[in-house]
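Keep the 3D view open beside you as you read the points below.

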Amino acid sequence: MPTGDSNKKPDVPAAASAPGPARRSPRVKGAPAMPSLLNVEQRAAIERTAGDGTTRRPSLDSDAGTEANRGAAGAAKRRGGVVGLDPGAIWDPRSERPPADTPWDVPATSFPRGSALELKLAACVRYAVLAPSSHNTQPWKFRVMRDRVVLLADRTRALPVCDPHDRELTISCGCALQHLLLAMRRFGISPRLSLRAVKGEPDALATVVADDSPRHEASLRSDELRLFEAIAIRRTCRHPFADVPLPAGFADAISAAGTAAGHGHVSIALLGDRLSRERVGNLVAEADMVQFADKRFRRELALWMHRNRSRQPDGIPGYAMGMGELASLVAPLVVRTFDMGKGRAAKDEELARHSPLLAVLSTRRDEPKEWLLTGMALANVLLRAAAEGVAASYLNQPCELDLMREKLARLLGGGAGVGGGTLWPQIVLRLGFGPRVAHTPRRPAEDVIVQ
Ligand SMILES: Cc1cc2nc3c(=O)[nH]c(=O)nc-3n(C[C@H](O)[C@H](O)[C@H](O)COP(=O)(O)O)c2cc1C
């Protein structure tokens, strides 16, 4: 079992994720948007979304997101049963507005410029809480002090069956940390990141010391600014993806974004060829069968599944899994009661095979520090994809079971993998053009800022 050695962690300068000299914030303000990677065909496919219902603005209290999902599912069916999405139903982030009056609604104009540093740091936490997390558990707390933020794991939100060592919990916290760092630099605050343990605080994962003095004013490069701007539009899309190739240069772009945020500790394998995708799909299917046969796994999953109209600020509402209101009502009971591993396996195998690109994030060691860095890399990959209008979803199941994880490591050319400790797959993503889906709920920053 991984034990962690966080007392020995060296400091990691946050600026390392931004090679080159820091620029001053006026540059950020007027920074030109980085040219999109989409080619003419992809743009045209996206233009066709106008008026087909999939671009309708979703709301957590309505079925709008579900309608969009039904449209996408219908489009997939019309293609003759082959998993894949009609290019006409592709999400266009350019028309995106985060849902009003929710934690997603955080316009940069509402940032308390000119306030005390502590208030500014609390405002940056509003971007951290929008990070993805396994089962949307949001397993984080933030201690905001005069000139620093301590990121704490909230282990009351752990998933002991699916994630017995808090590996994915720590990855989720790493995602929130990367959002926090991007937000700080967006608003001119210079962060210094330390992954050293805090004495007597086993849950403290990272400390960010902040400096907002004009002398050290931080800023984002134009490509990083696009990552920041994607924070409020990113979400997980579990639908089949369209048969539209990804833009040339996209793979390099997400690879660069992830590698920088992982401070060189996280490697990203990109699998675009059919055989590799099929092999990964087979492993995912195998893992699905094992996980769903376990009653405890199903019970844990069901606990975090909620009906579409739920006011629960965490967990996964049915619409995020493509369900209508009625299905979302009964789904937790069905999942808890029946082993649907076979169906899940067949579906995931198809999704893996028909997604244009799979990405596997791996590390050379399997300790909390690497998990945190994986989360930081993951956040950047997802934000870079969202900035390009590319949808992302997860096929992590092989990383959650030792035997399957070892097989995946071998498939990636990592030798003995888990056994020999040469390569530790941490996250499996699939990427492609998908339909618009609704945002999932979040706890507001005030609820996760602690003394
Ligand atoms: C470490 C980690 C593991 C995840 N694993 C899965 C997964 O195996 N399957 C899945 O459908 N989603 C997975 N997710 C996505 C979360 O369920 C999702 O982020 C969460 O429900 C919040 O929704 P959002 O991403 O749309 O904001 C994972 C996310 C993280 C950060």
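1. Around the ligand there are 17 residues, and the closest of them are Pro132, Asn136, Arg235, Thr236 and Tyr394. Two elements, helix 5 (167-186) and strand 10 (391-394), each give two or more residues to this shell. Helix 5 supplies the largest share, four residues. Please bear in mind that this is a predicted model.

2. What is the make-up of the shell around the ligand in nonpolar, polar and charged residues? Nine of its residues are polar, five are nonpolar and three are charged.

3. Have a look at the pairing of strand 6 with strand 9, which is antiparallel and has six bridges. Here Ala269 has Val360 in strand 9 as its bridge partner.

4. Helix 11 (residues 341-354) is worth a visit next. Its 14 residues reach 20 Å from the first C-alpha to the last, close to the 20 Å expected at 1.5 Å a residue.

5. Which residues of helix 11 are buried? They are Gly341, Ala345, Asp348, Glu349, Leu351, Ala352 and His354. These buried residues pack against helix 8 (274-292), strand 9 (357-363) and strand 11 (424-432).

Methods: Residues are numbered from 1 along each chain as its sequence is written. This is a predicted model: local features need pLDDT of at least 70, side-chain atom pairs count only at pLDDT 80 or more; totals for chains, interfaces and linings use all residues. The expected span of a helix is 1.5 Å times one less than its number of residues. A residue is buried if 20 or more other C-beta atoms lie within 10 Å of its own, exposed if 12 or fewer, and partly exposed in between; C-beta atoms are placed from the backbone. Two residues are in contact if their C-beta atoms, placed from the backbone, lie within 7 Å. A residue is near a molecule or strand if its C-beta atom, placed from the backbone, lies within 6 Å of it. Ala, Val, Leu, Ile, Met, Phe, Trp, Tyr, Cys and Pro count as nonpolar, Asp, Glu, Lys and Arg as charged, and the others, Gly among them, as polar. Two strands pair if DSSP finds at least two bridges between them.
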